Every structure is written in structure tokens, then in C-alpha cells.
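Please open the structure in your viewer and keep the selection panel at hand. The tour goes from one selection to the next.

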Amino acid sequence: VQTCALPISGLIQSGYQENYREVWSLNGCEIVIDEWPGIKPYIEIEGPSIAKLRHCAKMLELNWKEHLIVSTLELYMLELRISKRQALQIMKRLVID
């Protein structure tokens with residue numbers, strides 16, 4: 001577990017949560033594979049332009065028309081077909097106090 005210097009600034013840690021993440025580079029973009037409990041792994045592509053993002057998606061054989069711009073909370077809601085309140089309850093259980 002890696003710690004940081006935030007307590008020095010007066011912040012108090014109220015919880016800790018873990019997910020699994022792999023980070024890759026491709027053609028000037030960052031490709032991230034995220035895994036969270038209860039939902040399928042998903043891919044994030046970050047890059048300097050929409051053209052680069054589209055090109056990387058094509059290189060990975062991903063259908064650009066199926067891309068989403070959502071938060072992890074929204075992914076829980078979409079994939080599990082649950083309300084925001086229910087998704088927040090799930091995510092709260094993932095935080096270790």
C-alpha cells in the first residue's frame with residue numbers, strides 16, 4: 001500500500017478503495033484497463049485529440065460508435081441497471097474505512 005503526504009496538509013483519510021488498473025501506451029494515447037468489483041473490466045483511452053482517440057480505438061478493433069463518456073458510478077448504474085442511490089451504496093461498500 002502506497003501512502004502520500006496529504007495528512008501534512010491537514011486532510012484526514014476517511015477510507016481506502018482498491019481497483020485493478022493496467023496502463024499501456026499506443027500511438028501517443030494512454031490505454032487503461034480498469035477492473036472494479038461487480039462490473040466487467042472496461043477500457044479508457046486518453047489522448048491529445050479525438051482523431052488520435054479514434055485511431056487508437058480502430059487499432060484496438062473497438063467500435064467507436066459504442067464508446068461512452070461516463071464515470072465509474074454511471075457504469076455501475078448502466079451495467080447493473082440500478083439507481084444512482086443503489087450504485088452509491090455499492091461503491092460505499094468498496095471503501096475500507
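Two strands count as paired if DSSP finds at least two bridges between them, and strands (E, at least two residues) and helices (H or I, at least four) are DSSP runs numbered from the N terminus. The model is a predicted one, in which local features need pLDDT of at least 70 and side-chain atom pairs count only at pLDDT 80 or more, while totals for chains, interfaces and linings use all residues. Residues are numbered from 1 along each chain as its sequence is written, and side-chain values use heavy atoms, with hydrogens and water left out.

Select residues 20-26 and 29-35 to begin: these are β1 and β2, which run antiparallel and are joined by 7 bridges. The two strands form a hairpin with 2 residues between them, and in the turn Asn-27 has a positive phi of about 50°.

Next, select Trp-36, Ile-39, Tyr-42, Leu-73, Leu-75, Tyr-76, Ile-82, Ala-87, Ile-90 and Met-91, the 10 residues of the largest nonpolar core (buried Ala, Val, Leu, Ile, Met, Phe, Trp, Tyr and Cys residues joined through side-chain atoms within 4.5 Å, where buried means under 20% relative accessible area with a 1.4 Å probe, protein chains only). To this core α2 and α3 (84-94) each supply at least two residues. Centre the view on Leu-75, which, not counting residues up to four places away in sequence, touches Ile-39, Tyr-42, Leu-68, Val-70 and Leu-80 (contact means heavy atoms within 4.5 Å).

Key. Buried < 20%, exposed > 50% of the residue type's maximum accessible area, 1.4 Å probe, protein only.
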